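Work through the exercises below with the sequence and the model at hand. Each task is followed by a stepwise solution.

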Amino acid sequence: MRSLAKSNQHFRRANQKLPLGVSSNFRYWGDEGTIYVKRGKGARVWDIDDNEYIDYRLAYGPIILGYGDSRVDEAARNGMEVGGVFALSTELEYDVACRISKMVPAAELVRFSNSGTEAVMAALRIARSFTGKDGHVVMEGGYHGIFSEVMWYSEVEDWEPGDGAPDVLPYGEGVPAVTKRLFHPVPLNDANALEDLMKQKRDKIGAFLIEPIMGNCCAISARAQYMNDVREICDRYDVLLIVDEVKTGFRVAKGGVQELFGIKADLCTFAKAIANGYPMSVVAGREDIMRHVGDGVVHGGTFTGHSVSLAAAAKTLEILDETTALADIESYGLKLQAGLGHILNKRGVVHSFTGHPALMGLFFAEQAPSNYREWVHSNYEFYDTLAPELHEQGILVEPDSREPWFLCESHNVGCLGETLDKFERAVDITLAKLEEKGSAAGSTK
Ligand code: PLP
C-alpha cells in the first residue's frame, strides 16, 4: 500500500487556511486521499510522500510536452528577462498570434487572456455584440469554465429516455438564477434537437458553443455529419459557431479539433496546451467578428500578454508546429489503447475508447456513447473502483470517469510497459473487489 502520511498531515494543516486544503475544488480527493505534489518531470509526478506516478491527468491538459520541459523553461526564463507585465504591449504578442493563425486558419485575429474561463467568457461576449442576441447553446455534459453563464448542467443520472429533456441545474451555489435563461443545452449528435431549438428561439440565441471532443465528458465525440449540420444550422439562424478548443487545441492536431473535423469556427478558444503549463489563453476568430473587440466590446486584464507565458507559448507552439511531437503522442496513445484493450479483452471486460489518442476516454460499454445521456449506461462502477487501484499502483488518472486520459510527448516506451503492467494488476484487483461485492464485471449499469 502506498503511504500518504505526509499528504494527510499536510492536508490537515492546509485545510486550516484554504477551503478543502486546495486551490481548486477538483483537487480535493477526500481528507485521506488528497495528494500534494513535490515535483513533476516529463510524464511523471512525485508526491510529498515520495510516491512516484506516471501521470495521465497532466494538469487536465496543459502539459503537452512534459513537466519541466527544458526547451520551454529556457524560453520562459528569457521571457522573465523582459520584465513580466507593463500595462503596455510587447512585440512577442504579434509573433505568437501569427503562429496561431498559421496553425489554425479560423484564428484570423487573436487576443490573449490567462485562463480558459476568460477566453470563453470573451468569446460569448463578442458573439453577443456581433449578433445582438444574448443566449447560447451548449452540449449536455459540456464544461466551459467557472463563470456563471456556463455554470449549469443537465442532470442525467436519474433521467430516463421518455422523461423529456433532463433538468438543468446550477453547478453549485452562488450561480445567479438569471443566467439560466441564457443557457440552452442540447444533446450532442442530434441535429434535429438543435434545429427545433433554433426554430423556437432564433431571436434569443447568438452563439453555439461546442467542444466537438468533449474533454470533460469521457471524450465523447461529435460525428462529422453533426458538425457539418451544426455549421449549416448556425449560418441559417445567424448564430456564431464557437469551438471551445481549451482542451483539444494544440493537442489533437496542429490545427486542433477544427483540423480533425475539417470545420472552421467563427470564434474559437484555446488555453491549456498552448504554453505547456504556463498560464495563457486565447480567443480568436474571423476578422469581422473579432474587430468588435475595441469597437464596442471590452477585452483586457492586468496579466494578459505576460512576457513569461508568451515566451513559453512561442516555444511550445514552435515545437508542436515544427516537430513530430503530436504524431509521436498519437502513436503512443494508439499503442496504449491496444495494450489496455488486450488486458481487458483477456478478462472479458467490455469496453471502448472515445475521443482521440492524445485525449482519450476509457469507457466500460461495448459502444462508445454518442452523447451525455448515453454515458449513464456505462459501467462507471468499474471505473470508479479501478481508478483508486491505479493510483495505488502509481498510475495517475482522474477518479471521475468523465475526465479523459491525457498524453504528452514525454510518455515513452518505458512508460508504456510500466503502465500496462500496473494496469493489469489494478484490473485484477478491481475484478476481485467487484466479485466480492457481487457486481458483474463488464456489465452495464
Ligand atoms: N473550456 C473547456 C473545454 C475546459 O475544459 C475548461 C477547463 O477545463 C475551460 C474552458 C476553463 O478553463 P480554465 O480552467 O483554464 O478556466
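**Exercise 1. Describe the largest cavity by volume, lining and residue classes.**

Step 1. The largest cavity has a volume of about 40 Å³. On a 1 Å grid over the protein atoms alone, a cavity is a set of points where a 1.4 Å probe fits but cannot get out. Grid points are joined across faces, edges and corners, and the volume is the space filled by probe spheres set on the points. This is a predicted model, in which local features need pLDDT of at least 70 and side-chain atom pairs count only at pLDDT 80 or more, while totals for chains, interfaces and linings use all residues. Residues are numbered from 1 along each chain as its sequence is written, and side-chain values use heavy atoms, with hydrogens and water left out.

Step 2. Lining residues have an atom within 4 Å of a point; here they include Cys218, Trp375, Asn379 and Ser401.

Step 3. Strand 14 (359–363) and helix 12 (380–393) are the elements that give two or more residues to this lining. Helices (H or I, at least four residues) and strands (E, at least two) are DSSP runs, numbered from the N terminus.

Step 4. The lining divides into 7 nonpolar, 3 polar and no charged residues. Ala, Val, Leu, Ile, Met, Phe, Trp, Tyr, Cys and Pro count as nonpolar, Asp, Glu, Lys and Arg as charged, and the others, Gly among them, as polar.

**Exercise 2. Classify the aromatic pair of Tyr143 and Tyr171.**

Step 1. The structure holds 9 aromatic pairs, where rings of Phe, Tyr and Trp (its six-membered ring) pair if their centres lie within 6.5 Å.

Step 2. Tyr143 and Tyr171 are 6.3 Å apart centre to centre, with 85° between the planes, and the pair is edge-to-face (over 60 degrees).

Step 3. Tyr143 lies in the loop between strand 5 (135–139) and strand 6 (152–155), and Tyr171 in the loop between strand 7 (167–170) and strand 8 (183–186), so the pair ties together parts 28 residues apart in sequence.

Technical notes. Phe/Tyr/Trp six-rings, centres within 6.5 Å; stacked < 30°, edge-to-face > 60°. 1 Å grid on protein atoms, 1.4 Å probe; cavity = no way out; pocket = protein on both sides within 12 Å on 5 of 7 lines; lining within 4 Å.
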